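Student: I'd like a close look at one part of this structure: the space in and around the protein. Please take it slowly and tell me who lines what.

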Amino acid sequence: MHPALAKTIADVDPEIAELITSEEKRQRDSIRLIASENYVSGAVLAATGSVLTNKYSEGYPGKRYYEGQQYIDKVEQLCVDRAKSLFGVDHANPQPYSGSPANLAVYFAFLKPGDTVMGMALPAGGHLTHGWNVSITGSYFKSVQYGVRRDTHRVDMDEVRELARKERPKLMYCGGTAIPRTIDFAAFGEIAKEVGAMLCADIAHIAGLVAAGAHPSPVSVADVVSTTTHKTLRGPRGGMLMCKADHAKAIDRAVFPGLQGGPHNHTTAGIAVALREAATADFKTYAHQIVANAKALAAALVERGFTLITGGTDNHLILVDLTSKNVSGKIAAKALDASGIELNYNSVPFDTRKPFDPSGIRIGTPAVTSRGMKEAEMRQIAAWMDQVVSAPSDAALHAKIAGEVRELCAKFPAPGILV
Ligand SMILES: *Cc1c(COP(=O)(O)O)cnc(C)c1O
């Protein structure tokens, strides 16, 4: 933590200060492979911790309900302009508090309760907010869900087309949280057009890759593009909606006053900083290295006998089925955490185990790539993972590997962490 900031928090609230410092050390000393996480820059952290948190500004730049917006308006406008230029969109709204409210605003903009939404099923790799039954999006709307093929574990566009023709959804979602392969936005666009549905491409996981040209962009085919700002895009926790000019009003109204009150201006500033960073040549190199690292890690895991869903990856994410290693996802994830390697257990398509103790683990390379790790480190990580997964109850081995992990991490300073 920045020494001045650390001192301030420690003076006022030593308990919280100590916990923040401990978390900072944990992030510094471990290999973070959670596919949705990253390390933001010191500049993004500072913007997020600024006095902009003190200000109310319901409305949009130039049309606010509170006075004193001289600087806030400029911050939000810069953020919007940078998003428009980076993603090549007509309109951007950076006010959604996070990815889930961003998606809910899309429903509110275009659907009435009971209308039909079509999205990828959660167990196949979709997100809760794409119409899964426990989510408000699956209970206030009629939801039809597509999955992946049993033989290839990839989305079957013929199945999607057939289902869309039969169910005539008003809104279609593509994108997800555990998809290791390129999303065929053009095919989704064609199907949505054919059945008269709005298409929302949710690029929460891959926004940074899209911005850098390391994954195709949905902008020309999707009516709305929804994203978080804190995953591969490497900004603060937040959400953003982007759309064609004809949907701008509907989207803005749905976010405010439809769903939210005042925007989180400190977050908007952090997003603006992240978008500026994402427009640099360095970020382009970073995003392509994320993919190169994921491919290297995938290849090293396959070499060590791991089974990967779809056999590999096109992006930042790898989904591993541990059935062949005779260990459950949860046991493996806990043993790896004890070894300084942090990831999450995850269902695999057609999983025969329960979601709370599924067959798989999910891995992503955005955070380790932010530390400057490359292919050689990915091979080392695969070797450690193999050792731990082969001995999930060997606490001495886990402690030894955690020490080795710390040594490697010391050579790759994490952005935003000074300790
Ligand atoms: C992470 C994610 C979200 C939700 O984001 P939160 O900020 O956690 O609400 C929505 N959609 C997809 C595809 C995601 O991966």
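Tutor: Let's start with the largest pocket, which holds about 960 Å³ of space; keep in mind that this is a predicted model. How many residues line the largest pocket, and which of them lie nearest its centre? The lining has 28 residues, and the ones nearest the centre are Gln 27, Val 40, Leu 45, Thr 48 and Gly 416.

Now look at where that lining comes from. Helix 1 (3-12), helix 2 (14-29) and helix 3 (42-48) each put in at least two residues. Helix 3 gives the largest share, with five residues.

The structure has one cavity of 30 Å³ or more, and the largest cavity holds about 70 Å³ of space. Its lining is made of 14 residues, with Gly 176, Ile 179, Ile 183, His 205 and Ile 206 nearest the centre. By class, the lining of the largest cavity splits into seven nonpolar, six polar and one charged. Two domains take part here: domain 1 (47-278) and domain 2 (283-410) each supply at least three of the lining residues.

The side chain of Ser 100 has an N or O atom 2.6 Å from an oxygen atom of the ligand. With Asp 202, a side-chain N or O atom sits 2.6 Å from a nitrogen atom of the ligand. Lys 231 brings a polar side-chain atom 2.8 Å from a ligand oxygen atom.

Before you go, here are two spots in the backbone to click on. Most residues other than glycine have a negative phi, and most peptide bonds are trans. Phe 256 and Pro 257 are joined by a cis peptide bond, with omega at about 10°, and Pro 257 lies in helix 10 (residues 248-259). The other spot is His 153, which isn't a glycine but has a positive phi of about 60°. You'll find His 153 in the loop between strand 6 (142-146) and helix 7 (157-167).

How values were computed: Residues numbered from 1 in each chain as written. Predicted model: local features only at pLDDT ≥ 70, side-chain atom pairs only at ≥ 80, totals over all residues. Heavy atoms only, no water. 1 Å grid on protein atoms, 1.4 Å probe; cavity = no way out; pocket = protein on both sides within 12 Å on 5 of 7 lines; lining within 4 Å. Points joined across faces, edges and corners; volume = space filled by probe spheres on them. Nonpolar A, V, L, I, M, F, W, Y, C, P; charged D, E, K, R; others polar. Domains from an automatic or database assignment. Polar contact = N/O pair within 3.5 Å; in protein donor to acceptor, adjacent residues only side chain to side chain. Helix = DSSP H or I, 4+ residues; strand = E, 2+ residues; numbered from the N terminus.
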